[in-house]
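Subject: Structure handover

Hi,

Here is the structure I promised to pass on. Please open it first, then read my notes below.

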Amino acid sequence: MNAQDTSAQPKPDLPLEIAHVLLIDVVGYSRLLVNEQIELLQDLNQIVRGTECFRAAETKGKLVRVSTGDGMALLFFHSPEEPVRCALEISKALQEHPHIQLRMGVHSGPVNQVTDVNDKTNIAGSGINVAQRVMDCGDAGHILLSGHIAEDLTQYRHWQPYLHDLGECEVKHGLRLHLVNLYKDNLGNPHLPDKLKRRRRWKHTSGVSVRPVITLRWPKYVLAAVLLVSAVALAISFSVFYRRGSPAVAPSSSGKAADLGLPIAEKSIAVLPFENLSEDKANAYFADGVQDEILTYLAKIADLKVISRTSVLQYKSGVARNLREIAQQLGVANVVEGSVQRSGNRVRVNAQLIDARNDAHLWAQTYDRDLADVFAIQSEIAKAIADQLQAKLSPNEKKAIEQPPTTDLAAFDLYSRAKSLLLMANFSATVDPDLQKAIELLDEAVKRDPSFFDAYCQLARAHESLYAVTGSDHTPARLALAEAALQAATRLRPDAAETHLARAQYLYYGLRDYAGALAELEIARRALPNDPRLFELTGYILRRRGQQEEGLRNLERAVELDPRNVYTLQQIAGSYQFLGRYAETIAALDRALAIMPDRVETRTTREEYYFFWKADTRPLHQTIDVILPQGPNAIVSAADDWFSCALAERDPAAAERALVALGDNACWGEGAIDLSHSFGEGLLARMTKDEARARTAFEAARAQQEKIVQAQPDYGPALCVLGLIDAALGRKDLALDEGRRAIALTPAEKDVNNGSRVLQYFAITAAWAGDKELALQQLEAGLRAPAASLMLSYGALKLFPVWDPLRGDPRFEKIVASLAPNDAKQ
């Protein structure tokens, strides 16, 4: 009996769980003899039990198995990746058992565990029912996914190439399912299921029979329209209501260049991602590399305006593109489209230049040559486009376009993969592993080609990111690796603009030598006119020197060249927050949300800023309530905001759930101040007056933080956090000493942002240590610091439990009241 047809009915009050369901069915089972059926199921059981995913989930007690007669249902409860990985493992094992033909369906949804008439566990609920419908649409070899679970997987780059959208299909009881076909490396079935063809219930959404999944939405046109209208409405409402009379007007949240007041230059261009037409889908990185090199060559021409790859990357190939709309969003007059097909020792590259304002094809060319000529092809395309746009090339620009990045194709592949990882690191939930993987790829690339200049520049950047951007390895050893990569690049091309940019990044991230970094950027600017990193880095440096307004202008200039870069828009929001201008902070985040409306952490961050400004948690609470029903994975990236909301509302149950959702991630982060999961447990325990749990949690947090401080003893923010923990543990003198040393190690004149933070958080340390006078003095000093802190905002001071030791003191209450917003104080 199939699981969804069980006679055991769940009681109305049975709790629902979200399960990630893998349903497996043997194709042709009924045609087998009874003994053949028994033998086949025995073999299948052994195959399934032998998969790593099955064993891992079973060991953790997070797996439910239900026999369905001619197959089985496996219910996982940790991650939507589990059933998908298990299906691939089973598919791979079946290559040695060709007599077993399976079809599989995967879906995430609510289920009940019930007991049937034989006192055995069975499953009911829509989660299992939908999984059955999904599986029923497949043929032998198919691994079909519901649109719901596929949308979760598309958030992870490593799944995207293997997900192929089949559109909508009508199944039993008129239910319409969005189906996605999973196949990779000869696993799965790449063909369109016969049932979809035969019933003609397949709703085509493009002229292509099967296309890669980019982002799943339903119904797409309705949701897109609603989100766009909502984003614009939000931006307008905040502009009118909160900033009435303010002389500074934030740009519209629509994200279009025209709305931002940017002129559309005649010689402006965007090189969109090239389509990979190779049979080997692994060549997608190669196609990306070809497109990126053409873009990089064009960007070196001062007579052109060229949009950064981060912004054009969002317009995936293989789907219908509205070039006029794309050009408006990017603020350009022209676009380049193309494709790459690599087969054996041959490569075919097609490129075309289009005037997006009138859809006129200005130029097109197909290059069919030996694979070794691909670098020459890239150069020829860039020069042909420049000629068509009548761009003037200096001798140095012409020389730069003709210089290939490497002559080793394997090294180029490794470099292209690494560069894609680095490009998206700021948008990734797995930033540290992505950076480590990029370093491995680049190390291998320079090992193959020791003269690969660009790879050394990227390698230095990756090491610097681990050292200073994420701060996960702020050690002398990591900095030395960055310096070694920089020195290798310098030996190869000491006068190259890219060398000066790489040195500027090293001086800023590694040595905090701001003057030296700015001098290097000025040299690099002459030969890299379209590189947004120059303006972005200048903005960061000026912010840290206390020149907030000037830094903000540079970040806005970076957005002109990289208009769809959500990370830079978030940095702009941060600049407004440093200035205490919360209305403009929120408007900047609205611009980011207009580009990526489904980015959960941006949505919750927006509402969290509103809480810090107004001491009103309702918008944040409502947003979290919308996210939570989407499943446990939906809230992970915003679990820290959920935890903050729960603390402000003094809701222990919600705070506990948020801590679970956090996993091993930090419960709070502001600049270089990171408070661990264990620290969050301690905060919650203090709030609920559970002293025993608080001590245990803070002891665990101290053990973690002490290792960080030992590895980087001169890093003030890490020592600042250690002081907070020791104050929580009642070690008053030690805590105050650590806080003072942290301030001494991070002078504000050297680093405005981090210097302000350690000064501001020392007020909490003093309050927790019981020195109320010192705490109030530090609080007043912190409020005068050059960069505003969220922890010293009106909302945090009014509602966060961390300030409870000062509550009731008239001086503290007066400070809080003075920060309350009103119409005259924007």
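A word on the angle first: helix axes are lines fitted to C-alpha atoms over the stretch in contact, and angles run from 0 to 180 degrees between N-to-C directions. Note also that this is a predicted model.

The overall picture comes next. The chain has 826 residues, of which 56% count as buried. It holds 34 helices and 18 strands. Take the contacts between residues at least 6 apart in sequence: 65% of them join residues at least 24 apart.

Now to one helix pair. Helix 19 covers residues 532-544, and helix 20 covers residues 548-561. They pack at about 165°, and their axes lie 7 Å apart. Angles over 145 degrees count as roughly antiparallel, so helix 19 is roughly antiparallel to helix 20. Their crossing is left-handed. Helix 19 contributes residues including Phe-535, Tyr-540 and Leu-542 to the contact, and helix 20 contributes, among them, Gly-551, Asn-554 and Leu-555. By class, the contact has seven nonpolar, five polar and four charged residues.

Finally, look at Leu-542, which lies in helix 19. Is Leu-542 buried or exposed? Its relative accessibility is 7%, so Leu-542 counts as buried; the cut-off is under 20%. Setting aside neighbours within four places in sequence, Leu-542 touches Leu-518, Gln-547, Gln-548, Glu-550, Gly-551 and Asn-554. Tyr-514 is 28 residues from Leu-542 in sequence, and their C-alpha atoms are 8.3 Å apart.

Best wishes

Notes. Residues numbered from 1 in each chain as written. Predicted model: local features only at pLDDT ≥ 70, side-chain atom pairs only at ≥ 80, totals over all residues. Heavy atoms only, no water. Helix = DSSP H or I, 4+ residues; strand = E, 2+ residues; numbered from the N terminus. Parallel < 35°, antiparallel > 145°, perpendicular 65-115°, else oblique. Left-handed = near helix turned anticlockwise from the far one by under 90°. Contact = heavy atoms within 4.5 Å. Nonpolar A, V, L, I, M, F, W, Y, C, P; charged D, E, K, R; others polar. Buried < 20%, exposed > 50% of the residue type's maximum accessible area, 1.4 Å probe, protein only.
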